[in-house]
Amino acid sequence: MTRLASVVTVLAFVLAVAPVARAESPRDILVVVNRASTVDSVTIDELRDVFLKKRASWRSGGKTTPVNASEGSSLREDFRKRVLNMSSSAEKSYWQKRKIKAGESRPAEFENTLRAVFKLRGAVSYVYRSQFKEGTARVVLVLPAG
Amino acid sequence: MIRFPRFKKPGLLTISTMLLFLAGGTAVAQEIAPASESGEEDASTESAQSAPVPSGDSGDSRVEAQQEAQQKEIEQLRADLEDLRARMDEEDEIDFDEMGASSEFEPSLDVYGFMAFYAGKWFIQEEDVMYGIMQNKFTFGITDLNIYFSGHLTETISSLVELRFTFLPNGADASFIPSYERVDNTYMDNSTSEELTLGGVIIERAKMTWQPYDFFGVSAGRFLTPFGIWNIDHGAPVVIPINKPYLMLRHTLPLNQTGLVVHGRFFPAASTYFDYAVTLSNGRGPTEEIYDLDDNKAVGLRLRLSYEGQDVGFAVGAYGFFGHTTDVTKAPGFAGEDGTTLTIVEEITERYQELAGSADILFRLWNFRLQSEVAGGYLKYRVRPLVVLPIVNVESPSGEYQPDFLRYSLYVLAAYEIPIVSGDDAMSLTPFVMVEYDVMYDSLPEYDTWIYRGGLNFRPNSFVVLKAACSYVRLPDAPNIADIWTLAGQVALTF
């Protein structure tokens, strides 16, 4: 009886702390790479380094070409908050300094990031789940909405 | 604006529909299979099949025929799907070509820069020797005008040229002793009779870089010496105070070098970076930008560890430098058996060996920033020139020769950025204080200098910063130099 109680307790605990399967949302941000890329997955830290050009290659190898959504778009704003964790103004200041210090320019901007990733070898960018089309790019990270 | 009509085409809807149909067809085929196994006949299934079934066949053969027909249909749909995908790729290629892009890396060239406008005054006692040397009137000036050309030629090859434009050397004091002379670069354009004053261009950086990996890259050309914090930041919109610290003004380490740099970065942990750079260059010298006057190349090693977290950051770095500096004079001579062969003979007028280094630390906690650098060097002479008097830069009338000496300089800077407006239109105020200590020559302790600075920066947006600062300079052991005050303002912007 004691053993049964223990098992029940453990099961109850596991169920309580187990992650609840989360429904997909059209506002999820999918981080995508070119289909030819050998990258399978990336971390947010790695992604932040790539989009701030603190690293030029993936940890698993291969050059990166970060592609941003157009400035002012909600996609860009969401990505900035969730990955870069900075305001638009702070990002601008960051790039002003990088330009002067290291001669480094900010990533290219495209209105349709999926198209850029589809065409540009080494490209990495992001789209809302609702904009993603199967077969055009490989998803390496999902950033849940909210 | 990038067009991407591919995803707006009805062809995709067709594909989706076909995929659904395909999936449906497969499902039907799966539903049929158990029926055929049980040998039962299904009238509705039979009526749904378009393939003709010979009368009088057994149930098994009819089901097989149905499966075969469905299999053909599935294969046909798959072929159609592949065909559609190929057509979409083809159309996409055309659209991409039309907008002038390619699937390979696209070379780019960025041109931008920064400038700074200055207004200020040094308050110096009239009887002080510094009065006539330093600028003692309230004045305006352009202190920085730097233009960048940043090219990315391939994924791994890039170039960077940074040019600093200056009105100098026109107007510079050329000498005080025995008589005062000033550089006058004014010339008349004979075609228009207009008098033009020529300025100068300083090539701060002109380098090409091959960086196949983050951990390994090579740069060749003219580069900023990778030491400290200030020399890397170096632009008025980036650095906090208006005036450079003495370790920059005195060139305690060479600010730029011409040669090679091997550099790279490692990522030991999240948001943590370990950078290294090995430099091989002409080192210092009167002509080091163009050619070296000795065969001994200068070598340097930079190491830096940094953590750049969201709220907290720190960095520690060091740079070591070892090199030889040589100056020569050249005179015509004659050699050969008959003494008629013209030669140009070099005579070394100065040569010293230099062991120098720097250390820097940066600490950031939310909006508070503390940074400090120390740089120093020991110069050991092989060929000693006459002693040159500091500040006025003339040879000492005593005729003594330059002894070996140690020089060093350090500063500590603390600043706190106060956000006035947050968000995308952020504005901020940054008060700062800074203390410096400089030993120009350990053999001339009367020139040891203390400098205290304080000021306030206002940043209305990310492109512009307005600065106001005051400084107090004190040479406690100098017999004929009184304390000096300075007031300055600066507007710096990037473009």
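Figure 1. The side chain of A:Arg98 forms a salt bridge with that of A:Glu104, at 3.9 Å from N to O, where a salt bridge is a side-chain nitrogen of Lys or Arg within 4 Å of a carboxyl oxygen of Asp or Glu. The model shown is predicted, so that local features need pLDDT of at least 70 and side-chain atom pairs count only at pLDDT 80 or more, whereas totals for chains, interfaces and linings use all residues. Residues are numbered from 1 along each chain as its sequence is written, chains are lettered from A and ligands numbered from 1 in the order in which they are written, and side-chain values use heavy atoms, with hydrogens and water left out.

**Figure 2. The salt bridge between A:Lys101 and B:Asp233.** The closest N and O atoms of A:Lys101 and B:Asp233 are 3.2 Å apart. Because A:Lys101 belongs to helix α4 (residues 88–102) of chain A and B:Asp233 to helix α5 (residues 230–233) of chain B, this pair joins two chains; helices (H or I, at least four residues) and strands (E, at least two) are DSSP runs, numbered from the N terminus. A:Lys101 is partly exposed at 29% relative accessibility, whereas B:Asp233 is buried at 7%.

**Figure 3. The salt bridge between B:Glu354 and B:Arg284 within chain B.** The two side chains meet at 2.8 Å, N to O. This pair links distant parts of the chain, 70 residues apart, with B:Glu354 in strand β14 (residues 341–365) and B:Arg284 in the loop between β11 (272–281) and β12 (298–308). Both partners are buried, B:Glu354 with a relative accessible area of 1% and B:Arg284 with one of 13%.

**Figure 4. A:Lys54 and its surroundings.** A:Lys54 sits in the loop between α2 (44–51) and β2 (65–69) of chain A, and its relative accessibility of 13% makes it buried. Its side chain makes a polar contact of 2.5 Å with that of B:Glu308, a polar contact being a pair of N or O atoms within 3.5 Å, of which, within protein, one must be able to donate a hydrogen and the other to accept it, while residues adjacent in sequence count only if both atoms are side-chain atoms. A:Lys54 and B:Glu308 also form a salt bridge, with the closest N and O atoms 2.5 Å apart. Leaving aside residues up to four places away in sequence, A:Lys54 touches several residues, among them A:Tyr94, A:Arg98, B:Arg265 and B:Phe267, contact meaning heavy atoms within 4.5 Å.

**Figure 5. The interface of chain A and chain B.** Here 37 residues of chain A are in contact with 52 residues of chain B, and the two chains bury about 3,800 Å² between them, 50% of it on carbon and sulfur atoms; buried area is the accessible area (1.4 Å probe) that two parts lose on being put together, summed over both. In chain A, the residues that lose the most area to chain B are A:Ile100, A:Arg115 and A:Lys119, which together make up 21% of what that side buries. Between chain A and chain B there are 2 salt bridges, and 15 residue pairs across the interface are in polar contact (both at pLDDT 80 or more).

Key:
Buried < 20%, exposed > 50% of the residue type's maximum accessible area, 1.4 Å probe, protein only.
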